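Subject: Structure handover and what turned up in it

Hi there,

Here is the structure I promised to pass on. Have a look at it first, and then read on for my notes.

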Amino acid sequence: MEEIEKYKEVFEKAKKVLEFSEKLVKPGVNIIEIAEKIESKILELGSKPAFPVNIGINEIAAHYTPSIKDDKKIGEDDLVKIDIGLHVEGIIGDFAFSFSENKEDREMIKVAKMAVEEAGKILRENVKIKEISATIESFVEKTGFKIVRNLTGHLLDKYVVHGISIPNVRNENNIALKKGQALAIEVFVTKGEGWVKEGSQTEIYQFKKDVGVRNIDGKKILKMAEKDFEGLPFAKRWIKEIPQTRLEIALKELVEKGGLIGYPVLKEVSKAKVAQWEESFVIE
Ligand code: MN
Ligand code: MN
């Protein structure tokens, strides 16, 4: 099958997962339950997670996935972002939506969604990254909301979630889209500073390179990261065979030795709520 057709098939599966997910997200529900149901749905459709389901609440913009015994529930006034990645043999789809029952937050979500749609309208062969970025920034700046400047969209490649960045602010990147290129447009908006920083918690890791470790748990994790998770990002909670404390120690060591990359939670610097919208596209 041609690559473009493969992408379309993966995006169709992703849309089914999104429809399923939208029904799960409401106040009072445990986020671990949402994450596990979504990840099961991905498998049920014959795909695999391209990364753990990210569930970012309020000022948490990205890189949060529930821990194994997460007791967090969605609150009445929460702004919840659900970011879903799935793949079939390395062909990745990356999509996200936001949920809130708060009127003002819904306005912010609408801006993020419309910014993605505006960018989507100009996508075709030969369009430059800087043109996509300028379209997004010009749209959002008219609304009074702020773009989170250090979070970006990205190209998608086989088994690579984050290829070259597609910033949401003006830049001089003249790289042009080619036929068959897949990409994810994702926009984060806020009323805060428009900047995220790393928090102290890390729940998501990814294989980087094979390094020598004496720790038996470390060896096992590194092998799983490369083979079972296929070099794609994985959740700490996915490793059920190693007790939590030992797991934490081994993961820390693997990050220090350069075998794994850790992705700490990203929070808006002024603790303002953040809305996200994301869609994947393939250039035909
Ligand atoms: Mn995403
Ligand atoms: Mn993405």
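Let me start with one of the helix pairs. Asp 217, Gly 218, Ile 221 and Leu 222 in helix 5 make contact with Arg 246, Leu 247, Ala 250, Leu 251 and Leu 254 in helix 6, where contact means heavy atoms within 4.5 Å. Sorted by type, the residues of this contact are 6 nonpolar, 1 polar and 2 charged. For that sorting, Ala, Val, Leu, Ile, Met, Phe, Trp, Tyr, Cys and Pro count as nonpolar, Asp, Glu, Lys and Arg as charged, and the others, Gly among them, as polar.

Before going further, a word on the basis of all this. This is a predicted model, in which local features need pLDDT of at least 70 and side-chain atom pairs count only at pLDDT 80 or more, while totals for chains, interfaces and linings use all residues. Residues are numbered from 1 along each chain as its sequence is written, chains are lettered from A and ligands numbered from 1 in the order in which they are written, and side-chain values use heavy atoms, with hydrogens and water left out.

**Helix packing**

Two packed helices are described by the angle between their axes and the distance between the axes. Helices (H or I, at least four residues) and strands (E, at least two) are DSSP runs, numbered from the N terminus. Axes are lines fitted to C-alpha atoms, for helices over the stretch in contact, and angles run from 0 to 180 degrees between N-to-C directions.

For helix 5 (residues 216-228) and helix 6 (residues 244-256), the axes come within 9 Å and cross at roughly 70°. Helix 5 and helix 6 are therefore roughly perpendicular to each other; angles under 35 degrees count as roughly parallel, over 145 as roughly antiparallel, 65 to 115 as roughly perpendicular and the rest as oblique.

Helix 1 (residues 3-24) packs against helix 2 (residues 31-44) at an angle of about 160°, with the axes 10 Å apart. That makes helix 1 roughly antiparallel to helix 2, and their crossing is right-handed. On the helix 1 side, Val 17, Phe 20, Ser 21 and Leu 24 take part, meeting Ile 34, Lys 37, Ile 38, Lys 41 and Ile 42 in helix 2. This contact divides into 6 nonpolar, 1 polar and 2 charged residues.

The axes of helix 3 (residues 103-122) and helix 4 (residues 129-141) come within 9 Å and cross at roughly 145°, again in a right-handed crossing. The contact of helix 3 with helix 4 involves 9 nonpolar, 1 polar and 2 charged residues.

**The metal site**

Ligand 1 is coordinated by Asp 83 (OD), Asp 83 (OD), Asp 94 (OD) and Glu 278 (OE), at 2.1 to 2.4 Å. Donors here are N, O and S atoms within 2.8 Å of the metal (3.2 Å for Na, K and Ca), and water is not among the atoms, so sites may look incomplete. Asp 83 lies in strand 3 (residues 80-88) and Glu 278 in strand 12 (residues 274-282), so the pair ties together parts that are 195 residues apart in sequence.

The manganese ion (ligand 2) is held by Asp 94 (OD), His 154 (NE2), Glu 186 (OE) and Glu 278 (OE), at 2.1 to 2.2 Å. Glu 186 lies in strand 8 (residues 182-190) and Glu 278 in strand 12, so this pair ties together parts 92 residues apart in sequence. The two ions are 3.1 Å apart, and Asp 94 coordinates both.

Buried means under 20% relative accessible area, exposed over 50%, and partly exposed in between (1.4 Å probe, protein chains only).

**Loop residues**

Glu 230 has a positive phi of about 55° although it is not a glycine. Glu 230 sits in the loop between helix 5 and strand 10 (234-235) and is partly exposed, at 23%. Lys 271, also not a glycine, has a positive phi of about 65°; its place is the loop between strand 11 (260-268) and strand 12, and at 65% relative accessibility Lys 271 counts as exposed.

Happy exploring!

Definitions and conventions. Left-handed = near helix turned anticlockwise from the far one by under 90°.
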